[in-house]
Structures are given as structure tokens and as C-alpha cells.
Amino acid sequence: MSASWLLRRVLLIAYTILVVSLLVFGITQVLPADAAVTLLGENATPAALEAVRLKLGLGDPVWLQYLRWLSHVLTGDFGVSMRTGQPVGPEMFAALSRSLLLAVGAILVMLVLAVPLGMLAALRQGRLVDMFTSLVSYLGVSLPEFVTATLMLMLFADRLQWLPATGYVAPLEDFWDSVRHLVLPVLTASVILIAHVARMVRSETLDVLHSDYIRAARLKGLPEPVVLLRHALRNALLPVVTIVALDVGYLLGGIIVIEEIFALPGIGRQLVVAITARDLPSIQAGALIMAATYAVANSLADMAYAFLDRRIRYD
Amino acid sequence: MTEAFRRLLRTPQGALSIALLILLAAVCVAGPALAPYDPEQIDFLGRFSPPGALHWLGADQLGRDVLSRLLVGARSTVPLALLATLLGTLGGTVIGTVSAYLGGRWDEAIMRTIDAVMAVPGLLLALLLVSTLGNGSFNAAIAIAVAFAPGMARVTRSVALTVRNQDYVKAAIARGEGGGWIVFREMLPNVVAPVVIETTIRVAFAVMLFATLSFLGLGAQPPASEWGLMVSEARRYLHQAPWIIIAPSVAIGLTAIAFNLLGDGLRDALNPRDER
Amino acid sequence: MNPVLSVSGYTLDYVTSGGTHRALDDVSLAIAPGEVLGLVGESGSGKSSLVWSIMRHLPRNARELQGAIHLGDTDLRRATPKALLGIRGRRIGMVFQDPSTSLNPTLTLGRQLTEVLVRHRGFSKAAAWQEGIELLRRVELHQPEVLMRRYPHEVSGGEKQRVVIATAFGCRPELILFDEPTTALDVITGARILDLFRRLRAETGVAALYISHDLGLVSRIADRVAVMRRGKLVEEAAASTIFRAPAHEDTRRLVDAVPRPERRLVFDEPSGPVLLGARDIAVQYGRKTLFRPAPPPATRNVSLDVREGEILGVVGESGSGKSSIARALTGLAEFRGGIRLGKRPIAGVAQMDAAYRRAVQIVFQHPDTSLNPRQRVGEILGRPLRMFGGDAREIPRLLEQVRLPASYAGRWPHQLSGGEKQRVAIARAFAAKPALVICDEITAALDVSVQASIIDLLLALRAEHGTAYLFITHDLNLIRQIAHRIAVMRRGELVDLLAVDALQGESVHPYTRELIAASPTPVG
């Protein structure tokens with residue numbers, strides 16, 4: 001991993017943010033919302049509205065507004081929420097940290113469950129474990145998060161009363177209560193990931209098991225556990241890194257619904273609220289931060305992959 | 001094509017998916033005729049009736065028959081999900097093929113931009129678009145189509161690039177064929193199969209996304225009997241009347257499973273290497 | 001003396017959904033201590049099945065009907081899985097065909113070499129490492145200490161195969177199975193591996209079963225040669241006699257198909273005008289980007305010309321740039337330099353008009369990708385026919401020319417064998433009635449007997465149409481049978497361009513001499 005490779009990654013992230021900022025700004029420009037009306041309310045006098053518009057530069061050409069917004073964003077100033085009057089940036093980053101708790105939790109749960117499940121299915125191809133994995137995969141990828149979430153709520157919070165239905169408690173405040181509140185959202189978010197990744201791990205493992213070097217290892221007289229652990233595992237898991245990275249995008253989308261259902265004040269919920277309220281600065285900031293998170297996560301995954309797979313040389 | 005269909009039916013996923021899809025198609029066509037009640041008929045006395053002889057799947061918070069709402073609701077989900085996927089595929093295929101055909105710097109620029117757009121989660125992009133276009137089923141479908149296009153472009157391009165490097169395409173270039181012949185006669189027939197498979201699996205996604213948008217209140221609007229909306233409206237009564245939630249959930253799941261199974265079945269059936 | 005390996009009356013079936021397929025039919029053979037038995041056969045003859053039977057690594061659908069396999073006194077068919085762990089790698093070593101896939105990409109070479117030493121010879125890790133270095137030195141690898149810590153992708157193919165060989169010899173087995181160990185390597189690298197094999201064999205006196213499709217190669221390194229065809233052992237003879245006096249008809253066919261430079265197949269000497277001239281052709285793939293420099297050019301300043309009706313051979317190893325010349329001449333790659341077709345100068349791809357493209361046709365290496373899987377044979381041939389002034393009624397005649405039945409017009413490519421696909425590709429080239437056909441390694445993926453029939457076909461077509469060929473290959477023996485002149489390429493440059501008779505002369509480039517020395521000609 002050379003400096004020029006790192007530079008390339010950084011440039012790609014920058015380009016991603018540029019494209020996304022254009023996209024988000026473009027869409028929000030068309031939004032049927034008058035910032036001045038949103039700020040002052042329906043009963044404001046035309047003169048007051050005009051004054052605000054002038055102050056916000058709403059009369060300027062679109063490109064000028066975009067550049068002004070972008071230059072503020074680059075200095076960390078995401079503007080002021082039209083809904084609460086508070087600066088958007090700190091609010092969004094705080095929400096992001098809560099969402100990351102959920103996302104990282106879901107990825108961990110997925111890794112713990114999906115990887116062994118997929119490998120087991122490959123080793124016992126056509127047997128009960130394999131069929132079970134396949135059933136889980138089909139169910140998982142076919143149920144939208146709001147369905148899974150509602151069913152989980154129905155079972156664990158309503159019938160069994162094991163876990164709280166909604167809400168959020170900060171980990172530093174009361175760790176165990178925080179965990180209890182996070183269990184259902186994390187499980188919901190991990191279902192689709194588990195389904196997808198277990199399937200990929202299964203097919204990757206099958207490919208590796210049929211490879212020449214696994215045959216060679218067996219024909220060297222190595223016992224099966226050594227063949228599997230030393231020779232197969234690492235090669236089967238390598239592509240999973242890439243798959244997980246791509247799934248982060250899906251996960252971030254799922255988080256929007258999951259946070260809404262479990263009343264978890266993360267960035268997804270902030271975005272839904274902002275969209276319903278037509279709070280332009282919040283929408284723009286939220287979408288941009290989410291996309292940047294995805295881009296950074298992908299770059300990290302690429303680096304992890306390069307570190308694990310020495311065949312790839314980045315020059 | 002008939003041969004491929006026969007092979008599809010021979011795979012377990014294929015047979016199951018075709019059975020489910022025939023059922024689904026029947027419900028879409030004849031749903032209202034099959035429905036025992038008017039799906040919007042309110043009956044305050046029958047509120048929260050559990051499943052039984054009168055209401056096979058029970059009645060909802062307004063006493064509407066859940067089965068009737070399900071049967072009619074198929075119409076407001078499945079055709080729009082199909083439309084959204086088709087539009088997204090069309091757009092994505094054009095972008096992907098053009099990018100692969102142009103090659104070089106243009107290809108690089110287009111693909112980097114597509115990658116960047118894909119950093120916005122599909123659901124978020126759809127949400128933003130719907131809020132711009134205005135709530136409603138048709139706008140939701142358009143939003144899903146736009147959200148799908150980048151992913152489809154990527155898939156099409158990678159398939160097209162593989163095909164472009166095959167020797168039969170080189171043979172066509174070497175004998176001086178024009179771009180039209182190369183793209184439409186040599187490349188496209190070989191690009192179609194993988195794109196069809198990807199599209200099929202995306203219909204399942206579209207069904208789920210569409211229901212999700214309705215669930216969030218941005219897709220179908222009440223009193224429509226759209227499945228996602230049904231779940232959303234019934235959420236408050238999950239303690240009293242879980243059947244109002246379970247029925248549409250199962251409907252969404254089965255529909256998505258049907259298309260996922262079909263995609264996997266097609267993957268096996270359309271592989272020309274096995275065409276012996 | 002008791003044989004090291006004995007197989008007697010062994011019969012093996014594979015059960016598939018289409019029925020039962022007999023892979024090995026009453027096979028019997030024995031290898032004495034210190035002996036090398038060569039096993040020759042074309043693809044599908046059952047030689048791989050025999051290897052998997054000996055190694056007890058059969059697929060699930062295999063059914064062993066009868067016969068016995070003994071390693072010394074051990075009945076391998078009765079060996080328990082646990083006993084097999086002590087036999088594989090310990091008593092039978094194995095060298096695989098392609099070292100780039102048979103080595104694990106994520107483990108160091110040292111790790112993969114020493115794990116058998118730790119397992120079978122009871123070494124500690126440190127002792128195994130020292131022994132590993134010693135073993136690498138014995139297979140003539142430089143700086144073995146450094147190599148031990150390398151990953152497979154960091155070393156060359158020849159070095160990888162040496163590590164595999166060191167591993168196979170590492171536990172001093174009684175028997176080593178060699179499964180086409182040089183097929184995936186370049187000619188010169190392969191020849192050096194064979195030298196190593198001979199030396200190690202002389203030093204250790206190990207018995208070996210050497211499997212190959214190349215009768216010429218096997219006859220030079222084995223004591224005895226066994227020939228397989230369709231699961232049966234059709235002949236077994238001393239290596240020194242098999243070429244001189246093949247007893248069985250199948251063996252004779254194989255012997256005849258082996259390319260031998262002294263047996264010329266072309267006797268005329270074209271003296272016509274130059275058909276196609278290429279001056280200073282340079283091909284460059286990829287370009288400099290912001291992040292990486294441009295790759296080195298694929299070819300530099302290559303000049304050659306082909307006379308009317310001439311066969312010009314182009315030889316070189318993989319990466320020598322010979323295919324890039326084909327791509328430049330057919331307009332598939334941008335190039336610098338000039339081409340002249342007859343008297344017409346062609347400055348670049350843009351100037352290759354219909355007349356040029358008609359005159360210069362190409363046939364590719366891989367039969368599987370050279371025909372569009374979604375077009376029937378009739379469509380594949382009909383298009384160039386119509387393009388170049390013929391019509392679809394000529395399809396049967398065209399098929400007949402390449403010795404395929406006219407009914408093949410209705411077939412899909414996947415319904416054809418590799419040789420048949422290549423015939424269709426040749427027919428497609430001849431549909432244009434070309435003056436020059438560029439053959440880019442067109443027989444490399446085919447069995448020798450199929451190769452011989454394709455060569456035969458090409459020569460017949462040339463006799464009929466007077467076509468010139470630019471024949472690209474890595475097989476020097478083959479090209480010496482048919483070419484009038486031979487161009488030798490290395491690292492993108494033309495090192496030699498001389499008449500085929502001059503190859504034995506004094507004035508050839510040292511590299512050409514090395515290439516000749518590395519191309520095994522059959523003994524006898």
C-alpha cells in the first residue's frame with residue numbers, strides 16, 4: 001500500500017462527496033419548500049419573508065447557492081436546522097454515533113452467525129444444515145426490515161416481554177439498559193446481512209474446497225482439520241470483506257426504517273424527520289454524512305482486503 | 001427459450017417460483033373478483049375480529065376484511081414494483097452498455113460517478129426523490145427506478161466488458177463489422193441472460209422497497225390496501241390483533257421469495273455451458 | 001524384486017445422470033523400484049482417473065468395480081482414511097500440473113514446504129525450516145532462505161514448480177506421481193524442470209509415474225511407456241522402442257501425430273511477391289495515468305513480411321508479443337508503424353477497409369470463446385459470407401471444405417467438440433476467401449491427434465486456395481514441419497527471422513538455439 005494508492009483512495013472519497021453533494025443539493029433544490037416560509041411560518045408578512053430570502057441568498061443563482069453551501073460544509077458548517085433553529089452539524093454527528101453503534105453491532109452479530117453458518121453449509125452440502133441455511137437466506141433477503149422489526153417487536157417485546165420495545169439509552173449512562181434497548185434493532189438490521197453473507201460464504205467456501213491447492217493439501221497427507229483451518233478458511237473469508245463493505249450501503253438504508261420503528265434517535269431517524277418537515281439543511285447534511293460514511297467504510301474494507309490478500313499490489 | 005423454460009421447471013427453485021408467481025398473477029388479475037368483501041367497507045362492530053369462518057384472515061381496526069384487502073392489495077404493489085424494476089433496468093442497461101462501449105477515460109469517469117451515487121443508500125435516494133416528486137404510488141415507483149439504475153448500470157457494464165473481450169467479438173471487429181452489429185447481434189444476446197437474472201432478483205427488492213416507502217407514509221396513501229401500508233396502520237394494534245400485521249407481512253415475504261427463487265432458477269437454467 | 005506400485009485388473013465407472021461412464025477398463029500396470037513409467041493419453045483417456053484411484057481421491061460418483069492397487073505390500077483400496085494420511089505425502093509424493101493453482105496463495109512457500117516435513121518426518125518447526133532451505137537448494141533455487149518467506153505470487157512459475165517438486169521429494173517417498181508437470185510452463189522453463197527431474201531421479205532412485213499427453217516428451221524421460229485410450233491400456237513398451245515400432249494401431253496414430261521437425265509436411269517454395277509487409281510495428285496497451293506509469297510496450301519495432309502462399313511461423317514464449325502482432329495486423333490493437341498489403345500502404349487501424357479485412361483473416365486460440373454461443377453454426381458462417389460477396393447457399397460447401405457434415409449448420413457451438421469448433425472458426429475465416437490467415441496458437445488447446453488433423457486441414461486448404469499463413473505458436477517442432485520461414489520473438493522484439501533450413505546453422509541468435517534445445521524431439 002503505497003502513498004499513491006492512499007492518495008487515490010482519498011481522491012475517490014472526495015469525488016464521492018462531491019458527486020453526492022451535487023446530487024443531494026440538486027434534489028433538495030427541487031423540493032417544494034420555501035425556506036423562508038419554513039423559517040417564519042405561514043403567517044409571516046411578505047416583507048419579512050423577502051428580508052429572510054435576501055439574507056439567506058435564496059434569490060441568487062443556484063450554482064452560487066451550491067458553492068456557498070459547499071464551502072460552508074467544507075469548513076464543518078452544515079447550517080442551521082429550519083425546524084429546531086440549532087446548528088445541524090453537531091446534531092447529525094451525535095445521531096451518527098448512535099447509528100454506528102447499531103451498524104457495528106449488526107455487523108458483529110452477522111460475522112458471528114453468518115460465517116460459521118455459511119461454512120458449515122458448504123462442508124455439509126445438501127445436508128440438513130445446508131438446507132436450513134438456504135431457508136434462512138431466502139427468508140432473510142425476502143423480508144423488508146419493517147416486517148422483521150414488527151415481527152420481532154410482537155414476539156420479544158409484546159408476547160414474551162423480554163426486551164423494551166422502543167427507545168434509546170446511552171451506553172455511558174446505563175450500559176446494560178443500553179444493550180437491552182439495542183438488541184432488537186441490532187438483530188433486525190443483521191437479518192438481511194446474515195442471509196446475504198451466509199450465502200456468499202457458502203459459495204466462496206465451495207469454490208475454495210474445489211480448488212487445486214486444497215486438493216494438493218489433502219494429497220500431501222494433511223489431516224482434514226488442518227486442511228480446513230490452515231488452507232481453506234483464510235481464502236474463503238477474503239471475499240467476505242468485500243461483500244460486507246458493499247452491504248454497508250444496504251445496512252445504512254435499513255437503518256433508516258429500523259431507527260424509525262424502534263424510536264432510536266440515529267441519523268436515519270433524523271433524516272426521516274427532516275424529510276417530513278422539509279428541513280433542507282438537515283436533509284443535505286444527513287444524506288452527505290451517510291454517503292461519506294459509506295465511502296470511508298468501503299475504503300477501510302479495501303485496505304483490510306489488501307492487508308489480508310498479499311496477491312494484490314497497489315502501486 | 002422453451003428449452004430454457006423446461007430446464008427452469010426442472011430445478012426445485014424454478015418450479016416453486018413458477019407456482020408462486022402463477023398464484024400471484026392470478027391474484028393480481030382476479031383479486032377483486034375473488035375478494036369476499038369490499039376491501040374498504042368499514043364495519044365498526046366487526047373490528048378486530050380474529051380469523052374465523054366470517055373473516056378467514058380476520059378483520060382490521062376498522063372492521064375491514066383482511067383477506068379482501070390482501071387480494072386487492074396485490075394490484076397496488078406487484079405491477080408497480082415490476083414497472084419500477086423495468087424502468088431502472090432499462091436506464092441502467094443503457095448507461096452500462098454505453099460506458100462499456102466507450103471504454104477508456106469515459107468509462108472510468110462514468111463508473112466512478114456511478115460508484116459515488118451508490119454511496120447514497122437506495123432507500124435514502126428513493127426517500128429524497130419521493131419527497132421531491134410528492135407522495136404516491138406512481139412517484140414511489142419512479143423513485144425506485146432511479147435508485148436501481150446505478151446498480152444495474154454496474155452489473156450490465158461488467159457483463160458487457162466480459163463479453164466484449166470474447167474472441168467472437170474480436171472476430172467481428174477484425175472482419176470490419178459496424179458498431180451496431182457488434183453491440184446488437186454479437187454482444188447483446190450474451191449480455192441479456194445475466195441482466196435478466198439480476199433484474200428478476202431486483203423485482204424482489206422493489207417489492208420490499210415499495211412496501212417500505214408505503215410503510216413510511218411516502219408511497220401508497222390510505223385508504224389503499226397496499227401491503228406495506230397495511231402493516232404500518234396495524235402496528236399500533238400489534239398486541240390486540242397480530243393477524244392484521246402477519247397477513248400482509250407473509251404476502252410481502254412470499255412475493256419477494258417467489259422472485260428470488262425465480263432469479264436463482266434462471267441462473268441455473270440460462271447458463272449456456274449446461275445446455276447439453 | 002517386488003514392484004513399488006502394482007495395479008491389476010482395475011475397473012472404474014462414473015455414475016452420472018446420463019448413465020454410467022467407464023473411466024478405466026481392466027487396467028494393469030506395475031512400476032519397479034527406481035523405474036519411471038510414462039503414462040500417455042489424450043484428454044479423457046482415463047490417465048487422471050488412474051491418478052485419483054492411486055491417491056484414493058475419487059469423486060463421490062466413482063464406482064470401483066474390480067481390481068487391486070498395491071503400494072509395496074499395502075493394499076491401497078483397503079487403506080483406512082487414517083492410514084491414508086500416512087501414505088499421501090509420506091509414501092507417495094505428487095507434483096501437479098499447474099503450480100500457480102496447486103500452491104495456496106495465502107501461505108508462504110516455506111510454510112507449504114515444511115508442513116509436510118513436520119507432519120510426516122516429525123521435525124520441529126525450526127528443524128523443518130532448515131531442512132526446507134536444504135531441499136530448495138537441492139532443486140537448484142537461488143537464495144532459498146529468501147524464497148522460503150515468499151508468497152507464491154511473488155515468484156515465477158518455474159520457481160513455484162521447483163518448490164512443489166521439493167515438497168514431493170521432501171519426505172523421501174517410494175513413489176512420485178507427476179501429473180503433466182511442465183504443461184503449464186514455458187518451453188525453456190519446462191525443459192529445465194525436466195533436467196531437474198532427471199537429476200533428482202538419478203540421485204534418489206525414486207520410482208515415478210509420469211503422466212503426459214506428450215509422447216515425445218515421455219519417451220525421453222521414462223524407462224517404459226504405457227499408452228491409454230478410452231480407459232484401456234492399449235500398449236506398454238520400452239521407451240526406446242515405442243517410437244520406432246509402435247505395436248498397437250492407437251499408438252501408431254499417436255506417434256504419427258507427434259510433431260517431428262525432420263518430417264516436413266510442406267514441400268513447395270513460394271517465390272511470389274510480398275503479400276503483406278509490416279514495418280516497425282509497435283503495440284502499446286494501457287497508458288500512463290495519474291497514478292501509475294504506462295506498462296512496457298507489448299512489441300517494439302517488429303518488421304516482417306509474408307509472401308503469397310507462404311507459411312511464416314512466429315514462435316516465442318507467453319508474453320513475447322507474438323499475439324500482439326496478430327492483433328495489430330487484424331486491427332484489434334492500435335499500433336505504430338506501417339503495414340503494406342500488396343502495393344497499398346496502411347498507416348493505421350482506420351485505413352483497414354473492407355478489402356484489407358477480407359484479405360487478412362484470423363483464427364483464435366480458444367475454441368470455446370471464438371464462436372458466439374448464441375448463434376448457430378449457419379449464422380456464424382453466413383454473416384462473413386454475405387459480407388464478403390458470397391451468399392448463404394455456400395455454407396454446406398464451406399463446411400465440407402473443413403470436413404464437417406453440412407447438417408452442422410443447424411448446430412449450436414456448445415454441441416461441438418473443441419476440434420470441431422476450431423474447424424468452424426477456420427471455415428469462418430475462409431468464408432472471406434482470404435489471401436492471408438493469421439493462426440494464433442490455434443492448436444494449443446487441442447489434443448495432438450486433433451492438432452495433426454487441423455494442420456492437415458490447413459495444408460489442404462492452402463493447396464486449394466494458395467492461402468498464406470502467419471502461424472503463431474510456442475511449439476517449435478510443429479512449426480518446423482510446416483513453415484517456410486520462422487520468426488523468433490522474445491520480450492516484444494524479433495530476435496531472428498530466417499528460413500527453416502537455417503535454424504540448424506551457425507548464424508542463429510543464442511535464444512533461438514536455446515529454444516531448439518528445449519523442444520524435446522522424440523527418441524528413436
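## Cavities and their linings

By class, the lining of the largest cavity is made up of 13 nonpolar, 6 polar and 1 charged residues. The model is a predicted one, and 6 cavities of 30 Å³ or more are counted in it.

**The largest cavity**

- The volume of the largest cavity is about 190 Å³, and of the 20 residues lining this cavity, those closest to its centre are A:Ala216, A:Lys220, C:Met94, C:Phe96 and C:Thr167.
- Chain A contributes to the lining of the largest cavity through helix H9 (212-219), while chain C contributes through strand S6 (92-95), helix H4 (109-121) and helix H7 (157-170), each of these elements supplying at least two residues.

**The second largest cavity**

- The second largest cavity holds about 60 Å³ of space, and its lining consists of B:Ala171, B:Ala174 and B:Arg175 from chain B together with C:Val360, C:Gln361, C:Ile362, C:Arg428 and C:Ala429 from chain C.
- At least two lining residues of the second largest cavity come from each of helix H7 (167-174) of chain B, strand S16 (360-363) of chain C and helix H17 (418-430) of chain C, and strand S16 of chain C gives the most, with 3 residues.
- By class, the lining of the second largest cavity comprises 5 nonpolar, 1 polar and 2 charged residues; B:Arg175 and C:Arg428 are among the lining residues, and arginine is counted as charged.

Notes. Residues are numbered from 1 along each chain as its sequence is written. Chains are lettered from A and ligands numbered from 1 in the order in which they are written. This is a predicted model: local features need pLDDT of at least 70, side-chain atom pairs count only at pLDDT 80 or more; totals for chains, interfaces and linings use all residues. Side-chain values use heavy atoms; hydrogens and water are left out. On a 1 Å grid over the protein atoms alone, a cavity is a set of points where a 1.4 Å probe fits but cannot get out, and a pocket is an open set with protein on both sides within 12 Å along at least five of seven lines; lining residues have an atom within 4 Å of a point. Grid points are joined across faces, edges and corners, and a volume is the space filled by probe spheres set on the points. Helices (H or I, at least four residues) and strands (E, at least two) are DSSP runs, numbered from the N terminus.
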